[in-house]
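Thank you all for coming.

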Amino acid sequence: MRRLEVKTRERTQFVDITAQVREVVSDENIVSGLCVVFCPHTTAGLTINENADPSVCRDILAHLEGLVPQSRKFTHSEGNSDAHIKASMMGSSLNVIIENKKLVLGTWQGIYFCEFDGPRQRKIYLKIIKD
Amino acid sequence: MRRLEVKTRERTQFVDITAQVREVVSDENIVSGLCVVFCPHTTAGLTINENADPSVCRDILAHLEGLVPQSRKFTHSEGNSDAHIKASMMGSSLNVIIENKKLVLGTWQGIYFCEFDGPRQRKIYLKIIKD
Amino acid sequence: MRRLEVKTRERTQFVDITAQVREVVSDENIVSGLCVVFCPHTTAGLTINENADPSVCRDILAHLEGLVPQSRKFTHSEGNSDAHIKASMMGSSLNVIIENKKLVLGTWQGIYFCEFDGPRQRKIYLKIIKD
(Lines give C-alpha, C1' and ligand atoms only; values in the text may rest on other atoms or scores of the structure.)
Protein backbone atom coordinates (compact mmCIF):
# COMPACT_ATOMS: atom_id res chain seq x y z
CA MET A 1 0.00 0.00 0.00
CA ARG A 2 1.23 3.50 -0.83
CA ARG A 3 0.24 6.79 0.80
CA LEU A 4 -0.26 10.33 -0.51
CA GLU A 5 -0.62 13.47 1.58
CA VAL A 6 -2.86 16.39 0.59
CA LYS A 7 -3.10 19.75 2.30
CA THR A 8 -6.46 21.41 1.64
CA ARG A 9 -6.91 25.17 1.94
CA GLU A 10 -10.68 25.72 1.86
CA ARG A 11 -13.67 24.19 3.63
CA THR A 12 -14.77 22.61 0.33
CA GLN A 13 -12.27 22.09 -2.46
CA PHE A 14 -11.39 19.61 -5.22
CA VAL A 15 -7.65 18.84 -5.32
CA ASP A 16 -6.28 17.30 -8.52
CA ILE A 17 -4.16 14.29 -7.44
CA THR A 18 -3.73 12.76 -10.91
CA ALA A 19 -0.01 13.53 -11.19
CA GLN A 20 0.72 12.06 -7.75
CA VAL A 21 -1.24 8.88 -8.54
CA ARG A 22 0.59 8.55 -11.89
CA GLU A 23 3.92 8.89 -10.12
CA VAL A 24 3.12 6.04 -7.71
CA VAL A 25 1.96 3.81 -10.58
CA SER A 26 5.11 4.59 -12.55
CA ASP A 27 7.24 3.92 -9.48
CA GLU A 28 5.59 0.54 -8.88
CA ASN A 29 6.47 -0.49 -12.45
CA ILE A 30 3.36 -2.65 -12.96
CA VAL A 31 2.62 -3.48 -16.60
CA SER A 32 -1.07 -4.26 -16.23
CA GLY A 33 -3.57 -4.21 -13.38
CA LEU A 34 -5.69 -1.98 -11.23
CA CYS A 35 -4.96 1.06 -9.08
CA VAL A 36 -7.44 1.42 -6.22
CA VAL A 37 -7.53 4.91 -4.68
CA PHE A 38 -9.01 5.05 -1.17
CA CYS A 39 -9.97 7.98 1.07
CA PRO A 40 -9.69 7.10 4.80
CA HIS A 41 -11.71 10.17 5.91
CA THR A 42 -15.48 10.48 6.47
CA THR A 43 -15.85 14.16 5.54
CA ALA A 44 -14.00 13.88 2.22
CA GLY A 45 -14.36 11.72 -0.88
CA LEU A 46 -12.89 10.96 -4.29
CA THR A 47 -14.18 11.48 -7.81
CA ILE A 48 -13.03 11.49 -11.42
CA ASN A 49 -14.13 14.47 -13.49
CA GLU A 50 -12.98 17.12 -15.99
CA ASN A 51 -9.39 18.31 -15.68
CA ALA A 52 -9.42 21.00 -18.40
CA ASP A 53 -11.70 23.84 -17.24
CA PRO A 54 -11.52 24.48 -13.45
CA SER A 55 -15.02 25.98 -13.57
CA VAL A 56 -16.41 22.42 -13.76
CA CYS A 57 -15.09 21.55 -10.28
CA ARG A 58 -16.40 24.87 -8.95
CA ASP A 59 -19.84 24.14 -10.43
CA ILE A 60 -19.88 20.66 -8.86
CA LEU A 61 -18.92 22.03 -5.43
CA ALA A 62 -21.43 24.89 -5.62
CA HIS A 63 -24.22 22.59 -6.71
CA LEU A 64 -23.47 20.04 -3.97
CA GLU A 65 -23.58 22.94 -1.48
CA GLY A 66 -27.05 23.81 -2.80
CA LEU A 67 -28.25 20.19 -2.46
CA VAL A 68 -26.66 19.71 0.98
CA PRO A 69 -26.25 23.13 2.66
CA GLN A 70 -23.91 23.37 5.65
CA SER A 71 -26.39 25.63 7.39
CA ARG A 72 -29.19 23.09 7.44
CA LYS A 73 -30.25 21.79 10.84
CA PHE A 74 -28.72 18.39 11.49
CA THR A 75 -28.66 16.33 14.68
CA HIS A 76 -24.90 15.54 14.64
CA SER A 77 -23.38 17.97 17.11
CA GLU A 78 -20.13 18.64 15.24
CA GLY A 79 -22.07 20.67 12.65
CA ASN A 80 -20.44 18.98 9.67
CA SER A 81 -23.13 16.49 8.64
CA ASP A 82 -23.25 18.15 5.22
CA ALA A 83 -19.64 17.04 4.71
CA HIS A 84 -20.46 13.43 5.67
CA ILE A 85 -23.42 13.39 3.24
CA LYS A 86 -21.37 14.86 0.36
CA ALA A 87 -18.61 12.31 1.10
CA SER A 88 -21.06 9.41 0.69
CA MET A 89 -22.50 10.98 -2.48
CA MET A 90 -19.04 11.14 -4.11
CA GLY A 91 -17.77 7.83 -2.65
CA SER A 92 -14.65 6.75 -0.78
CA SER A 93 -12.81 4.80 -3.46
CA LEU A 94 -11.99 4.76 -7.16
CA ASN A 95 -10.79 2.09 -9.59
CA VAL A 96 -8.36 3.10 -12.32
CA ILE A 97 -7.08 0.57 -14.87
CA ILE A 98 -3.32 0.24 -15.49
CA GLU A 99 -2.26 -0.81 -19.00
CA ASN A 100 1.25 -0.69 -20.53
CA LYS A 101 2.56 0.64 -17.19
CA LYS A 102 0.22 3.65 -17.37
CA LEU A 103 -3.02 4.82 -15.77
CA VAL A 104 -5.85 4.60 -18.30
CA LEU A 105 -7.90 7.80 -18.07
CA GLY A 106 -10.09 9.49 -20.66
CA THR A 107 -8.71 12.59 -22.39
CA TRP A 108 -10.55 15.00 -20.10
CA GLN A 109 -10.41 12.99 -16.87
CA GLY A 110 -8.54 13.93 -13.71
CA ILE A 111 -8.60 12.25 -10.29
CA TYR A 112 -9.87 14.56 -7.53
CA PHE A 113 -9.68 14.46 -3.76
CA CYS A 114 -12.94 16.09 -2.60
CA GLU A 115 -12.52 18.08 0.62
CA PHE A 116 -15.84 18.86 2.32
CA ASP A 117 -14.69 19.90 5.81
CA GLY A 118 -11.31 21.58 5.45
CA PRO A 119 -8.87 23.06 5.59
CA ARG A 120 -7.01 19.99 6.84
CA GLN A 121 -4.03 17.73 6.26
CA ARG A 122 -5.44 14.61 4.55
CA LYS A 123 -4.22 11.15 3.52
CA ILE A 124 -5.01 9.00 0.49
CA TYR A 125 -4.17 5.30 0.22
CA LEU A 126 -3.29 3.56 -3.06
CA LYS A 127 -3.29 -0.17 -3.68
CA ILE A 128 -1.89 -1.58 -6.91
CA ILE A 129 -3.23 -4.98 -7.97
CA LYS A 130 -1.38 -6.85 -10.73
CA ASP A 131 -3.45 -8.93 -13.15
CA MET B 1 -16.80 -15.48 -2.90
CA ARG B 2 -18.19 -15.13 0.62
CA ARG B 3 -21.71 -14.15 1.68
CA LEU B 4 -23.12 -12.13 4.57
CA GLU B 5 -26.74 -11.92 5.63
CA VAL B 6 -28.34 -8.77 7.04
CA LYS B 7 -31.83 -8.44 8.49
CA THR B 8 -33.07 -4.86 8.29
CA ARG B 9 -35.79 -3.56 10.60
CA GLU B 10 -36.85 -0.22 9.11
CA ARG B 11 -37.78 1.03 5.64
CA THR B 12 -34.55 3.06 5.54
CA GLN B 13 -31.65 2.12 7.78
CA PHE B 14 -27.84 1.99 7.79
CA VAL B 15 -26.52 -1.31 9.19
CA ASP B 16 -22.87 -1.37 10.32
CA ILE B 17 -21.33 -4.51 8.75
CA THR B 18 -17.68 -3.65 9.54
CA ALA B 19 -17.22 -6.42 12.13
CA GLN B 20 -18.68 -9.06 9.79
CA VAL B 21 -16.43 -7.94 6.90
CA ARG B 22 -13.39 -7.97 9.20
CA GLU B 23 -14.25 -11.50 10.29
CA VAL B 24 -14.35 -12.76 6.70
CA VAL B 25 -11.03 -11.08 5.90
CA SER B 26 -9.45 -12.55 9.02
CA ASP B 27 -10.86 -15.98 8.14
CA GLU B 28 -9.45 -15.82 4.58
CA ASN B 29 -5.98 -15.19 6.01
CA ILE B 30 -4.84 -12.94 3.15
CA VAL B 31 -1.75 -10.84 3.92
CA SER B 32 -2.28 -8.14 1.31
CA GLY B 33 -4.92 -7.39 -1.29
CA LEU B 34 -8.38 -6.00 -1.82
CA CYS B 35 -11.78 -6.76 -0.31
CA VAL B 36 -14.63 -5.93 -2.69
CA VAL B 37 -18.01 -5.61 -0.99
CA PHE B 38 -21.00 -5.98 -3.34
CA CYS B 39 -24.74 -5.41 -2.82
CA PRO B 40 -26.86 -7.64 -5.10
CA HIS B 41 -30.06 -5.61 -4.46
CA THR B 42 -31.44 -2.64 -6.43
CA THR B 43 -33.18 -0.87 -3.54
CA ALA B 44 -30.17 -0.93 -1.21
CA GLY B 45 -26.57 0.21 -1.44
CA LEU B 46 -23.27 0.39 0.40
CA THR B 47 -21.26 3.27 1.82
CA ILE B 48 -18.37 4.01 4.14
CA ASN B 49 -18.97 6.74 6.71
CA GLU B 50 -18.59 7.67 10.38
CA ASN B 51 -18.87 4.87 12.92
CA ALA B 52 -18.61 6.93 16.12
CA ASP B 53 -21.73 9.08 16.45
CA PRO B 54 -24.90 7.32 15.15
CA SER B 55 -26.48 10.73 14.50
CA VAL B 56 -24.33 10.99 11.35
CA CYS B 57 -26.09 8.02 9.73
CA ARG B 58 -29.47 9.41 10.78
CA ASP B 59 -28.58 12.78 9.23
CA ILE B 60 -27.52 11.11 5.96
CA LEU B 61 -30.75 9.07 5.77
CA ALA B 62 -32.94 12.06 6.63
CA HIS B 63 -31.23 14.29 4.09
CA LEU B 64 -31.47 11.65 1.34
CA GLU B 65 -35.19 11.37 2.15
CA GLY B 66 -35.46 15.14 1.63
CA LEU B 67 -33.64 14.96 -1.71
CA VAL B 68 -35.57 11.89 -2.91
CA PRO B 69 -38.91 11.71 -1.06
CA GLN B 70 -40.79 8.41 -1.13
CA SER B 71 -44.04 10.29 -1.61
CA ARG B 72 -43.04 11.91 -4.86
CA LYS B 73 -44.93 10.83 -7.97
CA PHE B 74 -42.90 8.29 -9.94
CA THR B 75 -43.93 6.15 -12.92
CA HIS B 76 -42.62 2.82 -11.54
CA SER B 77 -45.72 1.05 -10.22
CA GLU B 78 -44.11 -0.59 -7.20
CA GLY B 79 -43.88 2.80 -5.49
CA ASN B 80 -40.27 2.38 -4.44
CA SER B 81 -38.45 4.41 -7.08
CA ASP B 82 -36.99 6.60 -4.33
CA ALA B 83 -35.19 3.50 -3.03
CA HIS B 84 -33.74 2.72 -6.48
CA ILE B 85 -32.51 6.33 -6.84
CA LYS B 86 -30.91 6.39 -3.37
CA ALA B 87 -29.27 3.01 -4.14
CA SER B 88 -27.60 4.45 -7.26
CA MET B 89 -26.55 7.59 -5.35
CA MET B 90 -24.75 5.50 -2.69
CA GLY B 91 -23.47 2.83 -5.10
CA SER B 92 -23.51 -0.97 -5.18
CA SER B 93 -19.91 -1.80 -4.35
CA LEU B 94 -16.97 -0.76 -2.19
CA ASN B 95 -13.22 -1.36 -2.31
CA VAL B 96 -11.36 -1.82 0.96
CA ILE B 97 -7.59 -2.40 1.04
CA ILE B 98 -6.17 -5.36 3.01
CA GLU B 99 -2.68 -4.88 4.51
CA ASN B 100 -0.92 -7.06 7.12
CA LYS B 101 -3.98 -9.36 7.12
CA LYS B 102 -6.26 -6.48 8.16
CA LEU B 103 -8.84 -4.18 6.58
CA VAL B 104 -7.41 -0.69 6.18
CA LEU B 105 -10.05 1.80 7.30
CA GLY B 106 -9.67 5.32 8.65
CA THR B 107 -10.08 5.85 12.41
CA TRP B 108 -13.71 6.98 12.09
CA GLN B 109 -14.77 4.79 9.18
CA GLY B 110 -17.34 2.01 9.28
CA ILE B 111 -18.81 -0.02 6.38
CA TYR B 112 -22.57 0.38 6.07
CA PHE B 113 -25.27 -1.57 4.29
CA CYS B 114 -27.82 1.07 3.22
CA GLU B 115 -31.38 -0.24 3.31
CA PHE B 116 -33.82 1.95 1.37
CA ASP B 117 -36.84 -0.36 1.00
CA GLY B 118 -36.96 -2.56 4.10
CA PRO B 119 -37.53 -4.23 6.34
CA ARG B 120 -36.12 -7.24 4.50
CA GLN B 121 -33.64 -10.10 4.69
CA ARG B 122 -30.66 -9.00 2.55
CA LYS B 123 -27.42 -10.48 1.20
CA ILE B 124 -23.96 -9.01 0.72
CA TYR B 125 -21.21 -10.61 -1.36
CA LEU B 126 -17.50 -10.31 -0.59
CA LYS B 127 -14.64 -11.05 -2.94
CA ILE B 128 -11.07 -11.10 -1.71
CA ILE B 129 -8.35 -10.43 -4.29
CA LYS B 130 -4.73 -11.19 -3.35
CA ASP B 131 -2.04 -8.91 -4.70
CA MET C 1 -8.10 -4.38 -21.14
CA ARG C 2 -11.20 -4.78 -23.29
CA ARG C 3 -13.33 -2.07 -24.88
CA LEU C 4 -17.06 -1.69 -25.56
CA GLU C 5 -18.71 0.91 -27.77
CA VAL C 6 -22.09 2.45 -27.01
CA LYS C 7 -24.09 4.78 -29.23
CA THR C 8 -26.48 6.91 -27.21
CA ARG C 9 -29.57 8.47 -28.79
CA GLU C 10 -30.83 10.99 -26.22
CA ARG C 11 -29.25 13.76 -24.13
CA THR C 12 -29.83 11.66 -21.00
CA GLN C 13 -30.30 7.92 -21.28
CA PHE C 14 -29.46 4.69 -19.42
CA VAL C 15 -28.11 2.01 -21.78
CA ASP C 16 -28.17 -1.59 -20.52
CA ILE C 17 -24.69 -3.02 -21.21
CA THR C 18 -25.08 -6.20 -19.12
CA ALA C 19 -25.12 -8.58 -22.10
CA GLN C 20 -21.99 -6.99 -23.60
CA VAL C 21 -20.12 -7.20 -20.28
CA ARG C 22 -21.19 -10.84 -19.84
CA GLU C 23 -19.90 -11.62 -23.34
CA VAL C 24 -16.44 -10.19 -22.57
CA VAL C 25 -16.27 -12.12 -19.28
CA SER C 26 -17.29 -15.34 -21.02
CA ASP C 27 -14.74 -14.69 -23.77
CA GLU C 28 -11.92 -14.14 -21.24
CA ASN C 29 -12.68 -17.55 -19.70
CA ILE C 30 -11.78 -16.52 -16.12
CA VAL C 31 -13.11 -18.88 -13.44
CA SER C 32 -13.00 -16.45 -10.52
CA GLY C 33 -12.10 -12.80 -10.07
CA LEU C 34 -13.29 -9.28 -10.59
CA CYS C 35 -14.61 -7.36 -13.59
CA VAL C 36 -13.95 -3.64 -13.30
CA VAL C 37 -16.10 -1.51 -15.62
CA PHE C 38 -14.72 1.99 -16.27
CA CYS C 39 -16.23 5.02 -18.02
CA PRO C 40 -13.55 7.26 -19.62
CA HIS C 41 -15.95 10.19 -20.09
CA THR C 42 -16.68 13.11 -17.73
CA THR C 43 -20.31 13.71 -18.75
CA ALA C 44 -21.39 10.07 -18.38
CA GLY C 45 -21.23 7.49 -15.60
CA LEU C 46 -22.04 3.91 -14.70
CA THR C 47 -24.53 2.36 -12.30
CA ILE C 48 -26.15 -0.95 -11.42
CA ASN C 49 -29.92 -0.89 -10.99
CA GLU C 50 -33.16 -2.67 -11.90
CA ASN C 51 -33.29 -4.42 -15.28
CA ALA C 52 -36.92 -5.57 -15.20
CA ASP C 53 -39.18 -2.50 -15.42
CA PRO C 54 -37.74 0.27 -17.67
CA SER C 55 -39.76 2.85 -15.72
CA VAL C 56 -37.17 2.61 -12.92
CA CYS C 57 -34.41 4.01 -15.17
CA ARG C 58 -36.77 6.72 -16.40
CA ASP C 59 -37.61 7.66 -12.80
CA ILE C 60 -33.90 7.84 -11.87
CA LEU C 61 -33.09 10.05 -14.89
CA ALA C 62 -36.09 12.33 -14.28
CA HIS C 63 -35.30 12.71 -10.60
CA LEU C 64 -31.61 13.46 -11.28
CA GLU C 65 -32.79 16.13 -13.76
CA GLY C 66 -34.87 17.66 -10.97
CA LEU C 67 -31.92 17.66 -8.55
CA VAL C 68 -29.46 18.96 -11.16
CA PRO C 69 -31.39 20.85 -13.87
CA GLN C 70 -29.60 21.55 -17.15
CA SER C 71 -31.11 25.02 -17.24
CA ARG C 72 -29.53 26.15 -13.98
CA LYS C 73 -26.92 28.89 -14.22
CA PHE C 74 -23.43 27.41 -14.07
CA THR C 75 -20.06 29.08 -14.69
CA HIS C 76 -18.67 26.39 -17.07
CA SER C 77 -19.14 27.88 -20.53
CA GLU C 78 -20.00 24.65 -22.35
CA GLY C 79 -23.41 24.62 -20.62
CA ASN C 80 -23.18 20.96 -19.58
CA SER C 81 -22.16 21.26 -15.93
CA ASP C 82 -25.30 19.36 -14.96
CA ALA C 83 -23.91 16.36 -16.88
CA HIS C 84 -20.56 16.57 -15.04
CA ILE C 85 -22.36 16.71 -11.67
CA LYS C 86 -24.63 13.76 -12.48
CA ALA C 87 -21.57 11.79 -13.68
CA SER C 88 -19.85 12.27 -10.31
CA MET C 89 -23.07 11.37 -8.46
CA MET C 90 -23.33 8.04 -10.31
CA GLY C 91 -19.57 7.35 -10.40
CA SER C 92 -17.08 6.37 -13.10
CA SER C 93 -16.44 2.72 -12.25
CA LEU C 94 -18.12 -0.46 -11.06
CA ASN C 95 -16.89 -3.71 -9.52
CA VAL C 96 -18.63 -6.93 -10.46
CA ILE C 97 -17.57 -10.29 -8.99
CA ILE C 98 -16.83 -13.23 -11.34
CA GLU C 99 -17.55 -16.71 -9.92
CA ASN C 100 -17.73 -20.02 -11.84
CA LYS C 101 -16.85 -18.11 -15.04
CA LYS C 102 -19.94 -15.89 -14.64
CA LEU C 103 -20.75 -12.33 -13.57
CA VAL C 104 -22.42 -12.39 -10.15
CA LEU C 105 -25.40 -10.01 -10.26
CA GLY C 106 -28.58 -9.96 -8.19
CA THR C 107 -31.77 -11.24 -9.85
CA TRP C 108 -33.00 -7.75 -10.73
CA GLN C 109 -29.64 -6.09 -11.43
CA GLY C 110 -28.45 -4.79 -14.77
CA ILE C 111 -25.30 -2.77 -15.57
CA TYR C 112 -26.09 0.64 -17.06
CA PHE C 113 -24.06 3.20 -18.98
CA CYS C 114 -25.48 6.58 -17.88
CA GLU C 115 -25.44 9.16 -20.67
CA PHE C 116 -25.88 12.72 -19.41
CA ASP C 117 -24.74 14.77 -22.42
CA GLY C 118 -25.65 12.80 -25.53
CA PRO C 119 -26.34 11.74 -28.10
CA ARG C 120 -22.77 10.58 -28.65
CA GLN C 121 -20.57 7.62 -29.52
CA ARG C 122 -19.10 6.44 -26.19
CA LYS C 123 -16.49 3.96 -24.96
CA ILE C 124 -16.39 1.70 -21.90
CA TYR C 125 -13.26 -0.07 -20.64
CA LEU C 126 -13.28 -3.44 -18.90
CA LYS C 127 -10.48 -4.93 -16.84
CA ILE C 128 -10.65 -8.53 -15.66
CA ILE C 129 -8.62 -9.37 -12.54
CA LYS C 130 -8.08 -13.07 -11.69
CA ASP C 131 -8.00 -14.03 -8.04
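This is a predicted model: local features need pLDDT of at least 70, side-chain atom pairs count only at pLDDT 80 or more; totals for chains, interfaces and linings use all residues.

Residues are numbered from 1 along each chain as its sequence is written, chains are lettered from A and ligands numbered from 1 in the order in which they are written, and side-chain values use heavy atoms, with hydrogens and water left out.

Let me start with the arrangement of the copies.

Which surfaces do the copies use to meet? Only 13% of the interface residues of chain C are also interface residues in chain A, so the copies meet through different surfaces.

Consider now the contact of chain C with chain B, where contact means heavy atoms within 4.5 Å. Chain C gives 28 residues to this contact and chain B gives 30 residues. The size of an interface is often given as the accessible area lost when the parts come together. Between chain C and chain B the buried area (accessible area, with a 1.4 Å probe, that two parts lose on being put together, summed over both) is about 2,400 Å², and carbon and sulfur atoms give 59% of it.

Across this interface there are two salt bridges, a salt bridge being a side-chain nitrogen of Lys or Arg within 4 Å of a carboxyl oxygen of Asp or Glu. B:Lys127 forms a salt bridge with C:Glu99, and their closest N and O atoms are 2.8 Å apart.

The area buried here is about 2,400 Å², with 59% given by carbon and sulfur atoms. C:Phe38, C:Ser88 and C:Lys127 supply 23% of the area that chain C buries against chain A, more than any other three residues. Between chain C and chain A there are two salt bridges, and C:Lys127 forms a salt bridge with A:Glu99, the closest N and O atoms being 2.8 Å apart.

Finally, some details of the backbone. The peptide bond from A:Gly118 to A:Pro119 is cis, with omega near -5°, and the bond from C:Gly118 to C:Pro119 is cis, with omega near -5°. A:Pro119 lies in the loop between strand S7 (109–115) and strand S8 (121–130) of chain A, where strands are DSSP runs of E with at least two residues, helices are runs of H or I with at least four, and both are numbered from the N terminus.

A:Asn100 has a phi near 50°, a positive value in a residue other than glycine, and sits in the loop between strand S5 (93–99) and strand S6 (102–103) of chain A. Is A:Asn100 buried or exposed? At 62% relative accessibility A:Asn100 counts as exposed, since with a 1.4 Å probe and protein chains only, buried means under 20% relative accessible area, exposed over 50%, and partly exposed in between.
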